[in-house]
Amino acid sequence: MIARPRGTRDFLPDEMERRRDLESRFRTTARLFGYREVATPTFEETELFTIRSGEGIIQEMYAFPDKGGRSIALRPELTAPVIRMFLSEARVAPRPLRWCYFGSCFRYERPQKGRYREFWQFGAELIGVDTALADAEVITLASHLLSASGIAFTLHIGHLGFMRALLAPLPEEIRRQVRMCLDKHDLPAVGTVLRDAGIEERADALVSLATCRSVEEAIAISGLPDDEAGRIRTTLGLLDAAGIAWTLDPSIARGLDYYTGMVFEAFAENLGAENQVMGGGAYRLSHLFGGEEVPSVGFAIGFDRVMVALGETPPASETVVAMIPLGSGAPAAFNAARAFREAGIRTEVDLSQRGMGAKLASAAKGARFAVIIGDREAAEGTVTLRDLVTGEQESHSLPGAINGVRAIGPR
Ligand code: HAM
């Protein structure tokens with residue numbers, strides 16, 4: 001037996017139907033906001049991700065030389081590919097661009113529930129606008145998408161400016177270590193890093209900022225410049241106006257290195273360790289890929305984590321017809337199956353050589369109706385419609401049977 005690679009999953013039909021249902025909720029909601037779907041390749045030149053994704057991502061990357069000796073990486077995320085695509089395909093398009101995407105990502109992480117080596121993201125990028133309104137629109141979209149999924153979640157909003165102001169005097173290496181500890185929400189480790197560096201006096205201010213939930217207090221502790229503070233107030237005011245529930249969290253540092261301003265994350269209420277279901281923020285990447293500097297803001301939802309949070313929801317009920325050919329009835333049954341499907345009714349033909357009793361028993365496992373076509377029905381041009389729940393059975397014309405099935409509906 002050849003096993004699946006570690007950290008990957010197979011999806012059986014029930015699971016696949018649930019996944020498609022969630023995907024379509026996400027697409028419908030994104031479309032209501034004017035976000036149109038784009039797609040990029042599953043692999044890219046490795047450099048696209050090493051330029052500014054941050055050490056964490058680089059260490060987890062599936063990167064390898066291809067047969068031509070080029071360094072290729074399976075995408076660990078889609079923001080860098082989308083911005084690359086924007087530069088090569090849509091640089092002159094009217095801005096802002098509202099794009100969304102759904103695709104697989106690959107990270108060589110230690111697998112556990114909610115953390116996989118192949119996983120899917122549904123994300124959105126708003127490209128070419130740098131306003132409080134832009135930040136607020138993207139956060140509103142993220143929140144609406146998660147609400148549309150049906151999970152219970154909390155939305156946390158931060159701004160890199162809070163910590164930036166406090167950390168600015170520290171050496172880059174210390175800043176990096178502090179950011180990593182903050183990203184893991186490990187405040188005691190922040191104290192350790194600062195103590196080891198002999199700058200413990202910063203620790204108190206950092207911890208009180210990290211745990212502060214009041215916007216005005218956070219602005220005061222961090223000494224944020226007036227223009228940045230004003231913009232944060234405007235963004236949060238717009239979220240209130242849009243009816244979005246949020247909590248301030250100045251400790252959000254984000255694991256990727258390209259963010260510049262507003263940052264935000266959402267956490268599912270019923271998940272354990274891997275409960276972050278969405279992350280994003282304002283960022284600049286295009287100037288690093290050879291274009292001009294274009295402000296952008298976006299996020300990605302961890303699709304698989306939302307699926308875990310949703311649990312095993314029952315599949316949507318659907319009318320199913322079992323088409324049962326007997327004797328010389330197969331051609332008429334194939335024709336009748338076509339007519340039922342054209343009417344939008346799921347129809348599964350019994351393909352076995354079994355007797356009538358066995359065929360009906362197998363039909364009753366999944367179908368609401370059996371349509372039986374034997375020698376007599378084939379000769380008369382009729383069908384026998386049997387309700388598998390009530391056991392009632394009647395002879396009908398083909399259109400009559402279709403109407404009968406429609407009138408009663410699913411199981
Ligand atoms: P990220 O926080 O690295 O951000 O990933 C976004 C989401 O993907 C996470 O919140 C999590 O739900 C999910 N995720 C990450 N790793 C895994 C994994 N190994 N298994 C399952 N789910 C996972 C980004 O990727 C940015 N590109 C988001 C963004 C878009 N920022 C601006 N635009």
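User: How many residues surround the ligand, and which are the closest?

Analyst: The ligand is surrounded by 26 residues, the closest being Glu77, Thr79, Glu109, Tyr259 and Gln276; a residue counts as near if one of its heavy atoms lies within 4 Å. Residues are numbered from 1 along each chain as its sequence is written, and side-chain values use heavy atoms, with hydrogens and water left out. As the model is predicted, local features need pLDDT of at least 70 and side-chain atom pairs count only at pLDDT 80 or more, while totals for chains, interfaces and linings use all residues.

User: Why is H8 called roughly antiparallel to H9?

Analyst: The axes of helix H8 (residues 187-196) and helix H9 (residues 201-210) come within 9 Å and cross at roughly 160 degrees. That angle makes the two helices roughly antiparallel, because angles over 145 degrees count as such, whereas those under 35 are roughly parallel, 65 to 115 roughly perpendicular and the rest oblique. The contact, meaning heavy atoms within 4.5 Å, is made by Leu187, Val190, Gly191 and Leu194 of H8 together with Arg202, Ala203, Leu206, Val207 and Ala210 of H9. These residues divide into seven nonpolar, one polar and one charged.

User: What makes H1 roughly perpendicular to H12?

Analyst: Helix H1 (residues 13-32) and helix H12 (residues 303-310) have axes that come within 11 Å and cross at roughly 115 degrees, and that makes them roughly perpendicular. On the H1 side the contact is made by Glu15, Arg18, Arg19, Leu22, Glu23 and Phe26, and on the H12 side by Phe303, Asp304, Val306, Met307 and Leu310. The residues of this contact divide into six nonpolar, no polar and five charged.

User: Why are H13 and H16 described as oblique to each other?

Analyst: Helix H13 (residues 330-342) and helix H16 (residues 398-408) pack at an angle of about 45 degrees, with their axes 10 Å apart, and H13 and H16 are therefore oblique. Asn335, Ala336, Ala339 and Phe340 of H13 make the contact with Leu398, Ala401, Ile402 and Val405 of H16, a set that divides into seven nonpolar, one polar and no charged residues.

User: How do you know that the peptide bond from arginine 95 to proline 96 is cis, and where is proline 96 found?

Analyst: The peptide bond from arginine 95 to proline 96 is cis, with omega near 5 degrees, and proline 96 is found in the loop between helix H4 (79-89) and strand S5 (97-106).

User: Where does histidine 396 lie, and which residues is histidine 396 in contact with beyond its neighbours within four places in sequence?

Analyst: Histidine 396 lies in strand S16 (residues 393-396), where a polar contact of 3.3 Å joins its side chain to that of glutamate 394. Leaving aside neighbours within four places in sequence, histidine 396 is in contact with Thr382, Val383, Leu385 and Ala401.

Terms used. Axes are lines fitted to C-alpha atoms, for helices over the stretch in contact, and angles run from 0 to 180 degrees between N-to-C directions. Ala, Val, Leu, Ile, Met, Phe, Trp, Tyr, Cys and Pro count as nonpolar, Asp, Glu, Lys and Arg as charged, and the others, Gly among them, as polar. A polar contact is a pair of N or O atoms within 3.5 Å; within protein, one must be able to donate a hydrogen and the other to accept it, and residues adjacent in sequence count only if both atoms are side-chain atoms.
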